[in-house]
Amino acid sequence: SALFNFQSLLLVLLLLICTCTYVRAVMPRLIDSNKSGFLGVFWMSARIGERLSPYVAIACVVMAVTILTQ
């Protein structure tokens, strides 16, 4: 159902990016071993979270404010 609601889709993507970045910081071998194929999505999400961390943090704050004000 998150695919049909744009706000829910953005929330799922932000949670995926933040979770993968955290898991890579704690257990890097788990994420780095799967750089290709379907599981490569988690590696790419971790890289996005590492490289664009200020923008991801701002997006998380904006998403939290929009959810709390609804």
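Reply: Let us begin with the word contact, which means heavy atoms within 4.5 Å. In this predicted model, Ser45 touches Leu16, Ile17, Cys20 and Thr21 in that sense, with residues up to four places away in sequence not counted.

Me: Why is Ser45 called buried?

Reply: Buried means under 20% relative accessible area, and Ser45 has 6% relative accessibility, so Ser45 counts as buried. The place of Ser45 in the chain is helix 3.

Me: What makes Gly49 buried or exposed?

Reply: The cut-off for buried is again under 20% relative accessible area, and Gly49 is buried because its relative accessible area is 8%. Gly49 is likewise found in helix 3, and the residues that Gly49 touches, not counting those up to four places away in sequence, are Ile17, Thr21 and Val56. Asp32, by contrast, is 17 residues from Gly49 in sequence and 14 Å from Gly49 in space, C-alpha to C-alpha.

Me: Why does Leu13 count as partly exposed?

Reply: Exposed means over 50%, buried means under 20%, and partly exposed is what lies in between; Leu13 has 42% relative accessibility and therefore counts as partly exposed. Leu13 lies in helix 1, and although 32 residues separate Leu13 and Ser45 in sequence, their C-alpha atoms are 8.7 Å apart in space.

Me: Why are helix 1 and helix 3 called roughly perpendicular?

Reply: Angles of 65 to 115 degrees count as roughly perpendicular. Helix 1, residues 6–26, and helix 3, residues 40–51, pack at an angle of about 90 degrees with their axes 7 Å apart, and the two helices are therefore roughly perpendicular to each other.

Me: Which residues of helix 1 and helix 3 meet?

Reply: On the helix 1 side they are Leu16, Ile17, Cys20, Thr21 and Arg24, and on the helix 3 side they are Val41, Phe42, Ser45, Ala46, Arg47, Ile48, Gly49 and Glu50. By residue type, this contact of helix 1 with helix 3 divides into seven nonpolar, three polar and three charged residues.

Me: What does the side chain of Thr21 reach, and which residues does Thr21 touch?

Reply: A polar contact requires a pair of N or O atoms within 3.5 Å, and the side chain of Thr21 reaches the backbone oxygen of Ile17 at 2.7 Å. Thr21 is found in helix 1, and, not counting residues up to four places away in sequence, Thr21 touches Ser45, Ala46, Gly49 and Glu50.

Me: How do you know which secondary structure the chain has over residues 52–69?

Reply: Over residues 52–69 the chain is computed to be 94% helix and 0% strand, with the end C-alpha atoms 26 Å apart. The name "transmembrane region" for residues 52–69, on the other hand, comes from the UniProt annotation, which belongs to an unreviewed entry.

Me: What can be said about the chain as a whole?

Reply: The secondary structure of the chain comes to four helices and zero strands, and along the sequence the pattern reads α-α-α-α. The C-alpha trace spans about 40 × 25 × 15 Å along its principal axes, and buried residues make up 19% of the 70 residues. Of the contacts between residues at least 6 apart in sequence, 56% join residues at least 24 apart.

Methods: Residues numbered from 1 in each chain as written. Predicted model: local features only at pLDDT ≥ 70, side-chain atom pairs only at ≥ 80, totals over all residues. Heavy atoms only, no water. Axes fitted to C-alpha atoms, helices over the stretch in contact; angles between N-to-C directions. Parallel < 35°, antiparallel > 145°, perpendicular 65-115°, else oblique. Nonpolar A, V, L, I, M, F, W, Y, C, P; charged D, E, K, R; others polar. Polar contact = N/O pair within 3.5 Å; in protein donor to acceptor, adjacent residues only side chain to side chain. UniProt positions renumbered as here; feature names shortened; annotations may be inferred. Buried < 20%, exposed > 50% of the residue type's maximum accessible area, 1.4 Å probe, protein only.
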